[in-house]
Amino acid sequence: MKLNIAYPATGCQKLLEIDDERKLRPFYEKRMSSEVSAECLGDEWKGYVFRITGGNDKQGFPMKQGVLTNGRVRLLLSKGHSCFRPRRTGERRRKSVHGCIVDANLSVLSLIIIKKGEGEIAGLTDTTVPRRLGPKRASKIRRLFNLSKEDDVRQYVVRRPLAEKEGKKARSKAPKIQRLVTPVVLQRKRARVALKKNRANKKRDDAAEYAKLLAMRLKEAKERKMERRRSSSMRKSQ
């Protein structure tokens, strides 16, 4: 079985091929999201703790969270389910998936390190892969650089350098900051609120005018009715 081990803190991952059944036995009968001690893999893994994030069986079918079996099942999947990508709106499809329990029929098991041990693992914890892209949302940029509300987020955007061309100036790219509060955004918000207030006031005035018109029409109808009764009674008396 192959173990695909990732360490999110450095952005590195490593693929280990393990044939010894005794080393793999502690992973068997564990479910996805379970935590497993890594000491079974050798002395260099002392103190490390893994979390199982998924895997694929020998035929390539992925493990699916929530399917409590160590075999393969066919499920009717739709938009929002893992292991399925709809091609059309409202599409559903019956697909084969492996259960969320680890067994010997898996070819690859995906793990992440959630607790680092004493020693360093070559190619996993001793090197750092720089992030290609920085955060895009204003609140996440503030959290990354520990900024206050008064600081200008635009000065802290992570820029990505582009490949240099001969005879041209070096260029870099930066993402458009999302959810950034600017004077234009506040102006648009004020305009929206004002429009809403004007709409409510207009509705109230129209309702009052309609009620006034209705009362006037009812009064006129009542007067006409009284006039008709008066004229009919005068004819009868003649």
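Tutor: Welcome! Helices here are DSSP runs of H or I with at least four residues, and strands are DSSP runs of E with at least two, both numbered from the N terminus. The model you see is predicted: local features need pLDDT of at least 70, side-chain atom pairs count only at pLDDT 80 or more, and totals for chains, interfaces and linings use all residues. Residues are numbered from 1 along each chain as its sequence is written, and side-chain values use heavy atoms, with hydrogens and water left out.

Student: Thanks! How many helices and strands are there in the chain?

Tutor: Let's follow the chain along its sequence, where the pattern is β-β-α-β-β-β-β-β-α-β-β-α. Counting both kinds of element gives three helices and nine strands.

Student: What share of the residues count as buried?

Tutor: Buried means under 20% relative accessible area, exposed means over 50%, and partly exposed lies in between, using a 1.4 Å probe and protein chains only. Of the 238 residues of the chain, the buried share is 24%.

Student: What is the order of the strands in the open sheet?

Tutor: Two strands pair if DSSP finds at least two bridges between them. This open sheet has five strands and mixed pairing, and the order is S2-S1-S7-S4-S3.

Student: Which strands stand at the edges, and what is the average twist from one strand to the next?

Tutor: Strand S2 (12-17) and strand S3 (35-37) stand at the edges, each with a single partner strand, so one side of each has no neighbour in the sheet. From one strand to the next, the twist averages 35 degrees.

Student: Which residue in S7 stands opposite alanine 6?

Tutor: Strand S1 (residues 2-7) runs parallel to strand S7 (residues 106-115), with five bridges joining them. S7 also pairs with strand S4 (residues 49-57), in the antiparallel sense and over eight bridges; there, aspartate 57 stands opposite leucine 106. The residue opposite alanine 6 is isoleucine 112.

Student: What is the bridge partner of glutamate 35 in S4?

Tutor: S3 and S4 run antiparallel and are joined by three bridges. In S4, the partner of glutamate 35 is arginine 51.

Student: Where is cysteine 83 found, and what is its phi?

Tutor: Cysteine 83 lies in the loop between S5 and S6. It counts as partly exposed because its relative accessibility is 27%. Although cysteine 83 is not a glycine, its phi is positive, at about 70 degrees.

Student: Is lysine 79 buried or exposed?

Tutor: Lysine 79 is in the loop between strand S5 (72-77) and strand S6 (93-98). Its relative accessible area is 72%, so lysine 79 is exposed.

Student: How far apart are the closest N and O atoms of aspartate 206 and lysine 202?

Tutor: A salt bridge is a side-chain nitrogen of Lys or Arg within 4 Å of a carboxyl oxygen of Asp or Glu, and by this rule the count is eight. Aspartate 206 and lysine 202 are four residues apart in helix H3 (residues 183-237), so about one helical turn separates them. Lysine 202 is exposed at 54%, while aspartate 206 is partly exposed at 38%. In their salt bridge, the closest N and O atoms are apart by 3.2 Å.

Student: Which residues form the nonpolar patch on the surface?

Tutor: Patch residues have over 30% relative accessible area and no salt bridge; like charges are joined within 9 Å, and nonpolar side chains (Val, Leu, Ile, Met, Phe, Trp, Tyr) within 5 Å. Accessible areas come from the Shrake-Rupley method with a 1.4 Å probe, and for residues only the protein chains shown count as cover. Valine 158, in the loop between helix H2 (138-145) and strand S8 (160-161), is partly exposed at 32%. With about 330 Å² of accessible area together, the patch is formed by Leu144, Phe145, Tyr156 and Val158.

Methods
Axes fitted to C-alpha atoms, helices over the stretch in contact; angles between N-to-C directions.
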